[in-house]
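Student: Can we go through this one together? I have the sequence and the structure open.
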Amino acid sequence: MADHHSHEHEGHADLKAMGEVHEHPTWKQYKWVALILTLITVAEVWAYYIPWFVASRAFVPLLLIMSAVKFAIVVMFYMHLKYDHKLFRALFTGPLIIAISTIIALLFLFSKLSVGAHA
Amino acid sequence: MLFASLISTYLIYKGRSVVGPFPHEACAPPLCATALPAILNIPITSQSTFVLLMSSLSMVLALAAVESKDKMPANPTFSEKILGSSKLWLFMTALLGTTFLGYQAFEFTSFVHEGLTIRTNLFGSSFFTLTGFHGAHVTAGVLWLLTLLAIDFKRGLGPKDALIVDISALYWHFVDVVWIAIFTLVYLIK
């Protein structure tokens, strides 16, 4: 077990030496990230309680944008993808694109989304 | 892909329930046995969302504490002791995860009392399946964190264990980002 851990540690050190692994964010950055995530969540819930805004066409796109920003912040800083090697970024964003494409394709397939006017 | 499929299913079935209760609209007889308001409780879910976001913060602090354990000064200040305690942050993350599960148990129980079960309508089926699978992932994450905490108490976690803690942290943040999507798509978009 000790050997196993020392191998893992050596592997990590090797990657670091090759410039494949970068330092993680600092405590101050983590604190700011948490604050920004909280503020975006407050804004989302606040928007939910404004009737004229909920009725407007901007409501859904704005909520989706805020959600995407939160998603990206967590992935970049907490999951430290911003600081990782581009291979890890590709390994994350590749399947994410497939997953989002699957959702969009299924919504088109089952007529939840459509392009152009209906006949 | 699992969650993409479950989210798609929820969105496809959204608004297609023929009997209540409904997520964002009030329901009156004959669609419901009795008159019911919209069933989703946004204030409660907002609190649980905040709890899960904070658990991600405590998870990164746990990882930072494990990674920097050998850099602790000989006479640490109080804040250095707090920030450097992997046991504290692992415990906090597990506690916040359990609190999130408590909120979910409360939500599920109140829904059942109001007449919404997994068999009531399309909303109930897709909602309980999606959020239930997410809750199962959170439960697995809490058990994983408690295992790490037990190891930390038994022999201590140090920089040599950073990789195993990092992997568990990535899993935990994955659970968090899935909830970010669920919160918007299921709870906030009417």
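Student: What share of chain A counts as buried?
Tutor: Of its 119 residues, 15% count as buried, meaning 20 or more other C-beta atoms, placed from the backbone, lie within 10 Å of the residue's own. This is a predicted model, with local features needing pLDDT of at least 70, side-chain atom pairs counting only at pLDDT 80 or more, and totals for chains, interfaces and linings using all residues. Residues are numbered from 1 along each chain as its sequence is written, and chains are lettered from A in the order in which they are written.

Student: How many helices and strands in chain A?
Tutor: Chain A has 5 helices and 0 strands, taken as DSSP runs (H or I, at least four residues, for helices; E, at least two, for strands) numbered from the N terminus.

Student: Switching to chain B. At what angle do the axes of helix 4 and helix 5 of chain B cross?
Tutor: Roughly 155 degrees, and the axes come within 9 Å. The axes are lines fitted to C-alpha atoms over the stretch in contact, with angles from 0 to 180 degrees between N-to-C directions. Helix 4 of chain B and helix 5 of chain B are therefore roughly antiparallel (over 145 degrees).

Student: Which residues meet there?
Tutor: Among them are B:Leu90, B:Phe91 and B:Gly97 from helix 4 of chain B, and B:Gly135, B:Val138 and B:Leu145 from helix 5 of chain B. Contact requires C-beta atoms, placed from the backbone, within 7 Å.

Student: And how many residues does each chain give to the contact between A and B?
Tutor: Chain A gives 33 residues and chain B gives 33 residues.

Methods: Contact = placed C-beta atoms within 7 Å. Buried ≥ 20, exposed ≤ 12 C-beta atoms within 10 Å, placed from the backbone. Parallel < 35°, antiparallel > 145°, perpendicular 65-115°, else oblique.
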